[in-house]
Amino acid sequence: MVKKKADCQAGFAQNQSDAVRTMKTKLEMALKGCTMNLMNRLVLFPFAIVAALAFLASSPARAVVEIDINRANVEPLPIAITDFLSDDAIGAQISAVVAADLKRSGLFAPIAKGAFIERISNPDASPRFEDWRVINAQALVVGRVVRESDGRLRAEFRLWDTFASQQLTGEQFFTSPENWRRVAHIIADAIYERLTGEKGYFDSRVVFVSESGPKTDRQKQLAIMDQDGANVRMLTDASSIVLTPRFSPSRQEITYMSFEGGQPRVYLLQLETGQRELVGNFPGMTFSPRFSPDGQKVIMSLQQDGNANIYTMDLRSRATTRLTSTAAIDTSPSYSPDGTQIVFESDRGGRQQLYIMNADGSNQRRVSFGDGSYSTPVWSPRGDLIAFTKQSGGKFSIGVMRTDGSGERILTTGFHNEGPTWAPNGRVLMFFRQPAGAGGPQIYSIDLTGYNEQLVSTPTFASDPAWSPLLE
């Protein structure tokens, strides 16, 4: 498990008054006194914030640079991200990942390095703001990466508002060299949060079904990757088909369905240790297992006598509770973030539609009323929206609606789009698309505006993505 710590906090204002110099000295002394776990853990130390608390109390400053992400079409913010100073290529590699993360969000437009006028030689010094304003860089990121004597990396960055001529934030990180990509993602998250006011989502992973081989004999394995498609690794072999992997919202654990031994079974897999555990043997077919918000239960659909109903299982006692009882197919359940409600799909009205019920199975009511069929509902981690797959007119769409069914909005439509999953901040979705004819499924991301659709490249065909919470 990766650990973040924020117990060595301090800040300093841009101006170099004696009080600020004293605060900076205290910060450096505090950093030297911090102890760090070296066992493959990433330790985070906030290095500087907008201004010292004393200055904020007396003369609060508001940054010129900010992004309103609630508008329908956001103009990307021009941002300059310099190569982080280092003795080798790792500084440039980290800054490149930061730039790629921010660009992929659709909210930022990194400026080409060839346009830079100032060459940063000391990231601790104030930049020449006029040189960055000339190229319309509304925000500037500088940094350095140092290899410590014990082999760890120390990476630090500063974010500047070039028009207000002030530092917005800065942080310092210690980690082992193999975790350099995580450092980049966390830096991108910090910049995203400072400029949008929303939590980032870059320091996260996606579990998915890796597909290979001919379409008539497709091999399906469980795989995991960083949210940008890097660091792909297989979690299972190709000896049995796997389906519907889902992340626990409370820890680095997944649940999935496997046809190991020719029977559908639900498993738990601990990602840190690789330990696998059988949830249980159930009569009939098992579908779409998913965790409760506290990670203590699994909710799923069990098929018996031609019908499928929704059950929960307590992972400690293994006791099951039946929530629906209809002569229909009830499946794809998903909890609300507070655990009080469940959205699911059912054909009890003649075709697949979305329904919501209380967590105990009471008060079941339909919430989708548009043309076509609705499936694979997933509740947003923000609690405000439900994502879904909609089939209408021979096409498949990914859309969202409010939790009462109002405000339906289609984000993307294609030959076969399916399986939305939410980013941890509830602002971006991933899904998979199966093209017409030859080829196989691929994973895409799209934001809530529907204007920023991106292919997530994987080494094999890929389907059924599930986004993790932010890593710890």
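Start with the surface of the whole chain. This predicted model exposes about 20100 Å². Carbon and sulfur atoms supply 49% of that area.

Now colour by burial. The chain has 472 residues, and 54% of them are buried.

Switch to the cartoon view. The chain contains five helices and 30 strands.

In what order do they lie in their open sheet? The order is 22-23-24-25, and the pairing is antiparallel. Look for the edges next. Strand 22 covers 373-379 and strand 25 covers 409-414. Each of these edge strands pairs on one side only. Ignoring direction, neighbouring strands are turned by 20° against each other on average.

Zoom in on strand 24, residues 395-402. How many bridges join strand 24 to strand 25? There are five, and the two strands run antiparallel. Pick S397 and look across to strand 25: T413 stands opposite.

**Stop two: T244**

Select residues 242-247. This is strand 10, and T244 lies in it. Is T244 buried or exposed? T244 has a relative accessible area of 13%, so it counts as buried; the cut-off for buried is under 20%.

Now show what surrounds T244. Leave out residues up to four places away in sequence. T244 then touches T255, Y256 and M257, along with S288, P289 and D464. Select these residues together with T244 to see the contacts in one view.

Terms used
Residues numbered from 1 in each chain as written. Predicted model: local features only at pLDDT ≥ 70, side-chain atom pairs only at ≥ 80, totals over all residues. Heavy atoms only, no water. Pairing = 2+ DSSP bridges. Helix = DSSP H or I, 4+ residues; strand = E, 2+ residues; numbered from the N terminus. Axes fitted to C-alpha atoms, helices over the stretch in contact; angles between N-to-C directions. Buried < 20%, exposed > 50% of the residue type's maximum accessible area, 1.4 Å probe, protein only. Areas by Shrake-Rupley, 256 points an atom, 1.4 Å probe, with all protein chains shown as cover. Contact = heavy atoms within 4.5 Å.
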